[in-house]
Number of protein chains: 2
Amino acid sequence: MKAEAVESGEASTIIATPKRGLNRGISIADLILRGFAAIGTFGSAMTMGTTNETLAIFTQPLIRARYNDLPSLTFFVIANSIVCGYLVLSIPLSIFHFIRSEAKITRIILLIFDTAMVELLTAAASAATVVVYLAHKGNASANWLAICQQFDNFCERISGSLLGSFASITMMTLIIFASAVALSWN
Amino acid sequence: MKAEAVESGEASTIIATPKRGLNRGISIADLILRGFAAIGTFGSAMTMGTTNETLAIFTQPLIRARYNDLPSLTFFVIANSIVCGYLVLSIPLSIFHFIRSEAKITRIILLIFDTAMVELLTAAASAATVVVYLAHKGNASANWLAICQQFDNFCERISGSLLGSFASITMMTLIIFASAVALSWN
């Protein structure tokens with residue numbers, strides 16, 4: 001029964017609409033990448049946002065290191081949250097593209113927003129990376145000392161949180177490439 | 001299916017001329033934006049790359065502030081140079097799109113490279129902005145002191161050089177949007 005359906009149905013549909021099949025494949029890839037990118041940004045925002053280390057030193061009052069001590073890390077948390085929210089909201093549109101693979105205007109709109117969001121995420125990840133780098137290595141010329149000897153746990157957390165963001169940037173870039181190919185086929 | 005093909009064929013011949021006209025308009029805008037973006041990145045790279053301030057203080061040997069004292073600023077100069085080179089090299093392809101407005105594969109290739117390059121430029125501009133901000137304001141929590149009181153001219157130059165880069169990012173984003181629209185029309 002199934003084989004019959006395949007024999008009678010598959011041949012005609014594949015020859016008739018090869019583009020639709022490829023576009024559907026792209027839509028599935030888009031959906032999966034979007035999901036993983038959302039998880040990546042969520043993980044990054046959470047890891048960075050919950051970072052908190054308190055040092056008890058006898059001679060000084062309590063010293064606490066938190067992400068919002070550094071504007072770049074605050075920007076990182078906000079940008080990752082915005083991009084995560086956008087990615088989740090864009091999933092229904094991605095499903096719509098799977099169902100109606102010939103859609104054009106919505107694809108253009110999504111590509112425009114994807115581009116803007118990947119730029120926001122790149123800016124945030126890059127800004128946070130600079131601060132993480134300075135925290136680890138410092139800079140002798142500017143006389144900025146590394147703070148990671150003191151705040152060991154804090155530094156590990158903020159370094160780790162960059163990973164999710166960079167993975168998401170890669171996935172969103174692939175989504176943009178796939179959208180461009182899908183647009184040209186339509 | 002056949003009827004559909006005939007229909008779309010007829011429609012395309014009727015709409016062909018205005019579409020071609022619009023695509024040519026987009027190609028001209030693409031060319032102009034690409035030119036200005038190249039100038040912006042060139043200006044940024046040159047301004048940052050030639051920054052050099054020497055302070056003569058009696059008690060210390062000569063103190064010199066240069067862009068390559070800070071890795072982020074070095075990255076900024078390199079990234080701006082790469083993007084400027086890419087933009088200049090991509091101008092012939094942009095002219096080709098003006099002549100053959102129905103070209104698809106070259107448009108996709110250009111869109112993919114444009115996306116990668118705008119991400120590189122965003123990362124570089126963002127990294128440099130963090131360093132410029134720290135140079136101006138410092139950070140009390142990390143005990144990083146502002147260095148702009150001493151290196152006044154240096155700070156003015158590095159702040160100014162960011163402008164060209166951010167203008168170029170805006171123009172390259174518009175190029176990507178235009179490419180997406182042109183791709184969907186073809």
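Predicted model: local features only at pLDDT ≥ 70, side-chain atom pairs only at ≥ 80, totals over all residues.
Reader: Okay, which residues in chain A lose the most area to chain B?

Author: Those are A:E119, A:W144 and A:S184, which together make up 21% of what that side buries. On the contact count, 36 residues of chain A meet 36 residues of chain B.

Reader: How many salt bridges and polar contacts go across?

Author: The count of salt bridges between chain A and chain B is 0. For polar contacts, the rule finds 12 residue pairs across the interface, both partners at pLDDT 80 or more.

Reader: Which elements of chain A give two or more residues to that side?

Author: Helix 3 (71-99), helix 4 (105-137) and helix 5 (152-185) of chain A do. Helix 4 of chain A gives the largest share, 15 residues. By type, the side of chain A that touches chain B has 24 nonpolar, 9 polar and 3 charged residues.

Reader: What makes A:C148 and A:C155 a disulfide?

Author: Their sulfur atoms are 1.9 Å apart. The cut-off is 2.5 Å, so a pair within it gets the name; A:C148 and A:C155 therefore form a disulfide. In general, a disulfide is a covalent bond between the sulfur atoms of two cysteines.

Reader: And why is the disulfide of A:C148 and A:C155 called left-handed?

Author: Because the torsion about its S-S bond is about -85°. Both of these cysteines, A:C148 and A:C155, are buried.

Reader: What about B:C148 and B:C155?

Author: They form a disulfide too, with sulfur atoms 1.9 Å apart. Its S-S torsion is -85°, and the link is left-handed. B:C148 and B:C155 are both buried. Over all chains, the structure holds 2 disulfides.

Reader: How do you know that A:C84 is buried?

Author: Its relative accessible area is 11%. Buried means under 20%, so A:C84 qualifies. B:C84, with 12%, is buried by that cut-off as well.

Reader: Then why is B:L22 called partly exposed?

Author: B:L22 has a relative accessible area of 47%. Buried would need under 20% and exposed over 50%, so B:L22 lands in between and is partly exposed.

Reader: Where does B:L22 lie?

Author: In helix 1 (residues 2-49) of chain B. From B:L22 to B:A128 there are 106 residues in sequence and 38 Å in space, C-alpha to C-alpha.

Methods:
Residues numbered from 1 in each chain as written. Chains lettered and ligands numbered in written order. Heavy atoms only, no water. Contact = heavy atoms within 4.5 Å. Buried area = accessible area lost by both parts, 1.4 Å probe. Salt bridge = Lys/Arg side-chain N within 4 Å of Asp/Glu carboxyl O. Polar contact = N/O pair within 3.5 Å; in protein donor to acceptor, adjacent residues only side chain to side chain. Helix = DSSP H or I, 4+ residues; strand = E, 2+ residues; numbered from the N terminus. Nonpolar A, V, L, I, M, F, W, Y, C, P; charged D, E, K, R; others polar. Buried < 20%, exposed > 50% of the residue type's maximum accessible area, 1.4 Å probe, protein only.
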